Amino acid sequence: QVLLVESGGGRMQTGGSLRLSCAVSGRSVSSCAMGWFRQAPGKEREFVAAISSSGSTTYYGNSVMGRFTISRDNPKNTAYLQMNELKPEDTAVYYCAARAAHNGLYYYTGDTDYNYWGQGTQVTVSS
């Protein structure tokens with residue numbers, strides 16, 4: 001059974017930083033492309049960032065580009081989302097997702113591309 005567990009969410013003021021972690025068990029993360037999504041109340045789930053299994057390629061949603069950084073530590077079986085310059089509109093539940101990678105360069109931006117999901121972690125940014 002593949003499990004993803006997010007951590008690192010919380011409350012932060014505008015302009016602050018948080019780092020989310022996604023610990024994976026039941027499967028080696030080195031064979032997985034990883035992604036982060038978020039969902040604010042009353043809104044659809046939104047793509048945030050994606051990274052290939054090798055870590056060599058990344059992609060970001062327009063609303064977070066230049067502020068957020070996705071990374072991975074394959075030996076630790078963990079992916080990360082560093083969030084800087086936080087804004088109130090970043091407030092949402094953040095979800096980590098994983099799927100088997102076709103090769104080390106592919107990343108995926110659609111939520112239907114992913115097979116495995118974490119339970120989510122709340123991030124709240126106050127003005």
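Guide: Strand 3 and strand 8 run antiparallel to each other and are paired over 6 bridges, where strands are DSSP runs of E with at least two residues, numbered from the N terminus, and two strands pair if DSSP finds at least two bridges between them. The model is a predicted one, in which local features need pLDDT of at least 70 and side-chain atom pairs count only at pLDDT 80 or more, while totals for chains, interfaces and linings use all residues. Residues are numbered from 1 along each chain as its sequence is written, and side-chain values use heavy atoms, with hydrogens and water left out.

Within this pairing, S21 has Y80 of strand 8 as its bridge partner. Strand 8 is also joined to strand 7, again in the antiparallel sense and by 6 bridges, with I70 and L81 as one of the partner pairs.

N77 sits in the loop that runs from strand 7 (68-73) to strand 8 (78-83), yet N77 is buried, at 15% relative accessible area. A polar atom of the N77 side chain lies 2.9 Å from the backbone oxygen of R27. Such a polar contact is a pair of N or O atoms within 3.5 Å; within protein, one must be able to donate a hydrogen and the other to accept it, and residues adjacent in sequence count only if both atoms are side-chain atoms. Apart from neighbours within four places in sequence, N77 is in contact with C22, A23, V24, R27, S28 and V29, contact being heavy atoms within 4.5 Å.

C22 forms it with C96, their sulfur atoms lying 2.0 Å apart, and a search of the whole structure finds 1 disulfide. C22 belongs to strand 3 (residues 18-25) and C96 to strand 9 (residues 92-100), so the pair ties together parts that are 74 residues apart in sequence. The torsion about the S-S bond of C22 and C96 is about -80°, so the disulfide is left-handed. C22 is buried at 0% relative accessible area, and C96 also counts as buried, at 0%. C32, by contrast, is in no disulfide, and the nearest cysteine sulfur, that of C96, is 9.7 Å away; C32 counts as buried at 1% relative accessibility.

T14 is partly exposed, with a relative accessible area of 44%. Leaving aside neighbours within four places in sequence, T14 is in contact with L86, P88, V125, S126 and S127, and the C-alpha atoms of T14 and D90, which are 76 residues apart along the chain, are separated by 9.5 Å.

Key: Disulfide = S-S within 2.5 Å. Helix = DSSP H or I, 4+ residues; strand = E, 2+ residues; numbered from the N terminus. Buried < 20%, exposed > 50% of the residue type's maximum accessible area, 1.4 Å probe, protein only.
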